[in-house]
Amino acid sequence: QACLKKGLIPHCFSEYWLCVHNLPVQRGPMKISIVGAGISGLATAQAILTRKPDAEITIFEADQRIGGKVWTETSSEGYLCEGGVNGFLDKIPRTLELCAEAGVSPLRADASAQKRYVYSRGELHKLPEKPPEFLKSRLLSVRGRLRVIYETIAGGTNNPDETLAQFATRRLGKEAYERLIDPMASGVFAGDASRLSLKSCFPRIHEIETEYKSLIRGLIKLQIKAKREGKKKTPGPGPGGTLTSFANGMSALTDSLAEQLGSRIRIATAIKNINRSGNRYQLQLDDEVVEESDALILAAPAHAQAGMLKAMDPALSGLLEEIYYPALSVCCFGYRKKQVGQVLDGFGFLIPSKEQRAILGTIIDSNVFSGRAPEGSVLLRSMVGGARSPELALLPDEQLIDRVRSDLQDILGLRAEPDFIRIFRWKRAIPQYLVGHAARLEAIDEKLQRHPGLVLTGNAFRGVSLNDC
């Protein structure tokens, strides 16, 4: 139906994807340019070649390396550090299919990684996994817990685009917002819950409230429905699935895809401007060389896409430039176990903004996946900055290390000096889906109708996770 509305009738089903994305249907090899060799660009290239093996694809990457926000490094001491994406949830079949196509075997997180903590009022509180644990948890006061139960009859709203803070306070109460939802926003987006859009960041939660008028009642009804249908996994309050990576880290996936794509990838090749001549797109490289293609897929960050499209479509460029990326630093600290003992069981902890700490949270990577630290050592990975305090992410190394060490000493009692330190800095890290994001996407889609064959993808639009990309 989408093809017919556009006046396009594909000669085979494999070209359906091209039609719905305004890509020209043609006989013979199609020349396709992809800008950006992160997971979005690499997965798109792989998908196109599966459907159109004769397509002439070129992937342009401005950086010296491929992978984008997937960045694994192994130190000479044997610490395996993730500078960006830590893993993905194994609930999306397409991601697992992609792993199989790339020839990499998924590694599931240790079962103990289900234990997660929130640091509040001077102590770590284990996040409850079941209703009885919630009723006994000291993370919320008795009044705060009762307010959460009141969610079943809490009122609705006429606001079509609430912030996460407005939604959580309205449905769950101020205390639950401050101690549960606020740190969750930091953990997923490194974001500010008072500015993030609920329906753009967590669309499923928005849908459940809209349909069932209550998250708790909606969840119960969905669980009953799943049991009736004989499903083994029933919906829960969390996102579902098991955290998954690879024995050699997340770069194993992007490296394998890049190896399969081979010479189609051109690293250290930035695109300066994009124009259009007739039905072809013209990509001007930094060295003034011009490359042409029948279709163009931009898989770079939104601000980079904005720069490339400024000459061709200033209005579209302006919309893309509005998507905010705060700075974030990832600080990896390695310790000898004999100096620090059992740091913490489980995955790690998040910190509410009310605690006014430098770090947003810390993952005990060596607890989560095997092979992340040398024998007899532990590896911690702390996030600093984000929308909450982007200036902290850009502190000089010495000051940044001092701030992280101070927080880890207060929270985990770590007084020993780390044996290993590695800092990854992102001046523009995770895109923020602020209030108005959905309207911006509609405006972007409208502008794209004027550019057949141009596709925008990446984590700036409809999901920041690796599964989304």
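1. Let's start with arginine 405, which is partly exposed, at a relative accessible area of 24%. The cut-offs here are under 20% for buried and over 50% for exposed, with partly exposed in between, using a 1.4 Å probe and protein chains only. Arginine 405 sits in helix H18. Setting aside neighbours within four places in sequence, arginine 405 is in contact with Phe333, Arg415, Ala416, Glu417 and Pro418, contact being heavy atoms within 4.5 Å. Its C-alpha atom is 9.9 Å from that of alanine 358, a residue 47 residues apart from arginine 405 along the chain.

2. A word on what you are looking at: this is a predicted model, in which local features need pLDDT of at least 70 and side-chain atom pairs count only at pLDDT 80 or more, while totals for chains, interfaces and linings use all residues. Residues are numbered from 1 along each chain as its sequence is written, and side-chain values use heavy atoms, with hydrogens and water left out.

3. Helix H18 (residues 397-412) lies across strands E7 (116-120), E8, E15, E16 (348-350), E17 (359-364), E18 and E19, and runs at about 60 degrees to E15. Helices (H or I, at least four residues) and strands (E, at least two) are DSSP runs numbered from the N terminus. Axes are lines fitted to C-alpha atoms, for helices over the stretch in contact, and angles run from 0 to 180 degrees between N-to-C directions.

4. Those strands belong to an open sheet of seven, ordered E8-E7-E16-E17-E18-E15-E19, with mixed pairing; two strands pair if DSSP finds at least two bridges between them. E8 (123-126) and E19 (420-426) are the edge strands, each with a single partner, so one side of each has no neighbour in the sheet. On average, neighbouring strands of this sheet are turned by 25 degrees against each other, direction ignored. Inside the sheet, E15 (residues 328-336) and E18 (residues 377-385) pair in the antiparallel sense over nine bridges, and leucine 328 stands opposite glycine 385 in E18.

5. There is also an open sheet of five strands, in the order E10-E2-E1-E14-E20, with parallel pairing. Its edges are E10 (265-266) and E20 (454-456); each has a single partner strand, so one side of each is left without a neighbour in the sheet. Four bridges join the parallel strands E1 (residues 31-35) and E14 (residues 295-298), and isoleucine 34 has isoleucine 297 in E14 as its bridge partner.

6. Now for a helix pair. H10 (residues 203-212) and H11 (residues 215-228) pack at an angle of about 90 degrees, with axes 8 Å apart. They are therefore roughly perpendicular, the label for 65 to 115 degrees; under 35 counts as roughly parallel, over 145 as roughly antiparallel and the rest as oblique. Arg204, Ile205, Ile208, Glu209 and Tyr212 in H10 meet Leu215, Arg217, Gly218, Lys221 and Leu222 in H11.

7. How many disulfides does a search of the whole structure find? The search finds zero, a disulfide being a pair of cysteine sulfur atoms within 2.5 Å. For cysteine 81, the nearest cysteine sulfur is that of cysteine 332, 3.8 Å away. Cysteine 81 counts as buried, at 1% relative accessibility. Cysteine 331 is in no disulfide either, with the sulfur of cysteine 332 as the nearest, 7.7 Å away. Cysteine 331 is buried, with a relative accessible area of 1%.
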